[in-house]
Amino acid sequence: MTGTVYRLEVNPRIPQPLERMEELANNLWYSWDRQTRGLFVSLSYSLWNLANHNPKAFLKRADQKCLEANADNPIFLGALDRVLAAYDSYHERPYMGHVHGQCFRDDDLIAYFCAEFGLHESLPIYSGGLGILAGDHCKAASDMGLPFIGVGLLYKEGYFHQKLDAEGRQQASYHDSDFDDLPISPVLDASGQELLITLNLPDRPVFAKVWEVRVGHVRIILLDTWLEQNSLQDREITHRLYGGDRTTRIEQEILLGVGGARALAALGLKPTVWHINEGHAAFLIVERVRSLLSEGVPFEAALEAAAANTVFTTHTAVPAGHDHFADEMIRRYAEHWCKGVGLSCNQVLALGSEPGTSDFNMTALAVRTSRQHNGVSRIHGSVSARILAHLWPQIEPAESPMDYVTNGVHLPTFLAPEWLETFERYLGIGWQERQTEPGNWDGIRQIPDTTFWGIRQQLKSMLLHLVRSRVREQHLRNQGSPTHLDRMLRIADPDNPNLLIIGFARRFATYKRAALLLHDLQWLQEIICNDDRPVLLLFAGKAHPADLPGQEIIRRITEVAKQPEFEGRILFLEGYDLHLSRTLVSGVDVWLNNPIYPLEASGTSGMKAAMNGALNLSVLDGWWGEGYDDSGAVPNGWAIKPAPGNLDETQRDAEEARTLYEILQDHVIPTYYRTGPMGYSPEWVAMAKHSIATITPRFNMIRVLNEYAQRFYAPAAAHGRRFAADDHAVARSVAEWKTRVRAAWPGVSLRALQTPEQRLQFGASLRIEVAVQLDGLVPEDVVVELLVERPEHASTEILYHPLTASGVTANDERLYALDLTPDLCGKLQYRIRMYPFHPALVHKFELGLMVWL
Ligand SMILES: *Cc1c(COP(=O)(O)O)cnc(C)c1O
């Protein structure tokens, strides 16, 4: 093109009857309300796609004539009215508002910090599972009317866009977002100016603009350094999600934690619960402690006060997933935090220290500065307790303060709208409000098989449409020939969706073993290349640009997909995002997940697949360890039992690949193709219904938020108030007590006083007495207790009996005694231990101190 190109965007004037469409476009409510999205689509399907499913961008480019015509069109206005009525009634009365009233006070506010939020493809500030989960968390908080605010970063380019070249090499590209197009608005201060906060980084201030996203009732605050006031380098802080180098990363995390806490303060908000969602956000504690120090609260007490109402969730079992920074790096930034508040760098460093390294660990920081911590599935909870065992050195991992809340997904976001009418008919009106009640889902079994299968086929057909258009685009862009394209799409035929479709889509981290299915190509060919029982394998997922092994797996899959025998039967779809994810999880028959046990913290895509009637075939890891159920007439999916732990990597992969092939060959494929006269397999449909009925009530986000609200947020708010009352009196006294106990503990010991009896008649009692060296502590500072177990019994129930202080020995030890009268017969075993006790502790083992006899 010759000559200078000037760009100009012409925006339509929105006619008055359509004015509220702008409000709809500015609230992520549309990310789970299909009717709202349908309204935009109905104006122009092609513009909807051009605008990347973004209602706000859509409205800015909509054709003036089209808008005017519809402003006069009673049918369109009727549809708009219905959407607005639903929108208004949702905002007037959150559909699950009862929890709020039970658990929270009017002045409560939960601040939820996360580095990414995945709400919808129109707001590209997420990369994968963590972000989607955070997005779902906010959506469910809105559904429940919780007093809740999200805090995150606004990335100029978000996460990378993925393309594959003809050889299957991943090409990462980045696109600038036009912030005017995104469903966000600048936050204004009291004087109507755009709110900026200032952050002090070494040798310079950095400014961040504060934006907000509306998600139903809930707001998410996003910080953005892409500002003229900042140096080019500082603008880069919010350039890319998980981009840049270590300096970028630490500055992003400081911005998120410290800047996020400042932004809340600038808005006049005083959260009563602080949720650190993954270690990235843990620096928030530094800012909170600093502000308490400036009020004159001593460091140790400030820490107790801040930790009391802080909740931390860890999301990974993979060591590389835990953020580390060199101590030296932390020191450079910490000097600025410490200035003028009487804090020393070493105090900050100690909070993130890890034994045996000179690294600062963000997970350790988060655990040390929160009093409630959790993993994201039962298995992950215990794995985390083991990984972090050094933080409670004298506590066995089984009794670790590390708890768990198993993840879930936001049902309205991921349930295909094709189900809605049928669910309403068979589950009854209000079924969404009852989604956590197992009984609510019994009605699924009443859906006639033909109806059920009809919807499934429709969803599969829609998926195949998308597959065709994506594969075509990808193939032709790479200069592939049209005749070859026909071959590739031979079995992916939307007009004939009755073939078994297996989906595998997720981040291509190596522990997820995306290529496990390709372990034995001969065997795979036998399984999937039978024209009487065709099988289509769909892969999608991005590998982080720095993850070369992950990219190699993508290349390997596309290489195998090109071998003549597999052509058309294995397809790789580029650009896994929320849109592709929604279509995949609702359109496949089988959702495959085969990570290395126990590295899958939870996984959530399988839950999305299950609620849409797909069946899970997964390693018993993460959520599937709890979700798999084979107790009924039919199982709700298939389970790959992890190979025994003593195998090496190669043997383990071979063993688990074999199990996978056997399940496919002996169960999945025969069950799918055992079709009756109507063209579907009754047994398959029974399994799919059982899967919806058993999985959806447990693995939805409302159940998750209920758990967080009742077990974490409400107690945290109460602890926070207790610790802060009377100028932080409880925080001060707990801090002083902990200092005293920690100092005395090395000198504390237990000593047995008698040779124990070995036999006892039922009804008789046993006198147990121990001498305790308290080394300056007083009896009120400790609990001495006896644990009784029955080693021969499968049940692991333990009975606890306290010993009571009963005198002093000659050498100034304390006596503790108990008359034990066992109320069971058989072989028992007992142990005696002592640990520090203070009535104000949040978790009785939070000090990590204990001695055993
Ligand atoms: C649900 C989802 C994920 C997370 O799924 P996993 O099972 O944890 O891998 C990642 N990316 C997208 C786009 C999703 O929708």
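Is Arg 759 buried or exposed? Arg 759 is exposed, at a relative accessible area of 75%. I will come back to that residue. What you see above is a predicted model, so please keep that in mind throughout.

Let me begin with the overall division. The protein is split into domain 1 (16-92), domain 2 (99-161 + 170-408 + 707-728), domain 3 (411-699) and domain 4 (748-852). Taken over C-alpha atoms, the centres of domain 1 and domain 4 are 68 Å apart.

Now the individual distances at the ligand. In Thr 604, a backbone N or O atom lies 3.1 Å from a ligand oxygen atom. For Ser 605, an N or O atom in the side chain is 2.5 Å from an oxygen atom of the ligand. For Lys 608, a polar side-chain atom is 2.6 Å from an oxygen atom of the ligand. On its own the ligand has 390 Å² of accessible area, and the protein covers 94% of that.

The peptide bond from Tyr 597 to Pro 598 is cis, with omega near -5°. Asn 594 also sits in the loop between S18 and H24. With a relative accessibility of 0%, Asn 594 counts as buried. Setting aside neighbours within four places in sequence, the contacts of Asn 594 are Phe 504, Lys 512, Arg 513, Leu 516, Val 619 and Leu 660.

Another loop, between strand S1 (110-113) and H8, contains His 120. How buried is His 120, in relative accessible area? The value for His 120 is 0%, so this residue is buried. The His 120 side chain makes a polar contact with the side chain of Ser 122 at 2.7 Å, and one with the side chain of Glu 121 at 3.4 Å. Apart from neighbours within four places in sequence, His 120 contacts a list of residues including Leu 28, Tyr 30, Arg 37, His 53, Leu 578 and Arg 582.

In helix H16 (residues 378-387), the buried residues are Ile 379, His 380, Gly 381, Val 383, Ser 384 and Ala 385. Their cover includes strand S13 (372-375), strand S14 (402-404) and helix H25 (624-627). The other helix is H19 (residues 449-477), which contains Ser 461. Ser 461 has a relative accessible area of 15%; the cut-off for buried is under 20%, so Ser 461 is buried. Not counting residues up to four places away in sequence, Ser 461 touches Pro 494 and Pro 497.

Then there are two backbone angles to check. Glu 278 is not a glycine, yet has a positive phi of about 80°. This residue is in the loop between strand S9 (273-277) and helix H11 (284-294), and Glu 278 is buried, with a relative accessible area of 7%. Asp 812, also a residue other than glycine, has a positive phi near 65°. Asp 812 belongs to the loop between strand S25 (804-808) and strand S26 (814-820). At 60% relative accessibility, Asp 812 counts as exposed.

Finally, back to Arg 759. Arg 759 is in the loop between strand S21 (749-752) and strand S22 (766-773). Which C-alpha separation can we quote for Arg 759 and Lys 827? The two are 68 residues apart along the chain, and their C-alpha atoms are separated by 9.4 Å.

How values were computed:
Residues numbered from 1 in each chain as written. Predicted model: local features only at pLDDT ≥ 70, side-chain atom pairs only at ≥ 80, totals over all residues. Heavy atoms only, no water. Polar contact = N/O pair within 3.5 Å; in protein donor to acceptor, adjacent residues only side chain to side chain. Areas by Shrake-Rupley, 256 points an atom, 1.4 Å probe, with all protein chains shown as cover. Buried < 20%, exposed > 50% of the residue type's maximum accessible area, 1.4 Å probe, protein only. Helix = DSSP H or I, 4+ residues; strand = E, 2+ residues; numbered from the N terminus. Contact = heavy atoms within 4.5 Å. Domains from an automatic or database assignment.
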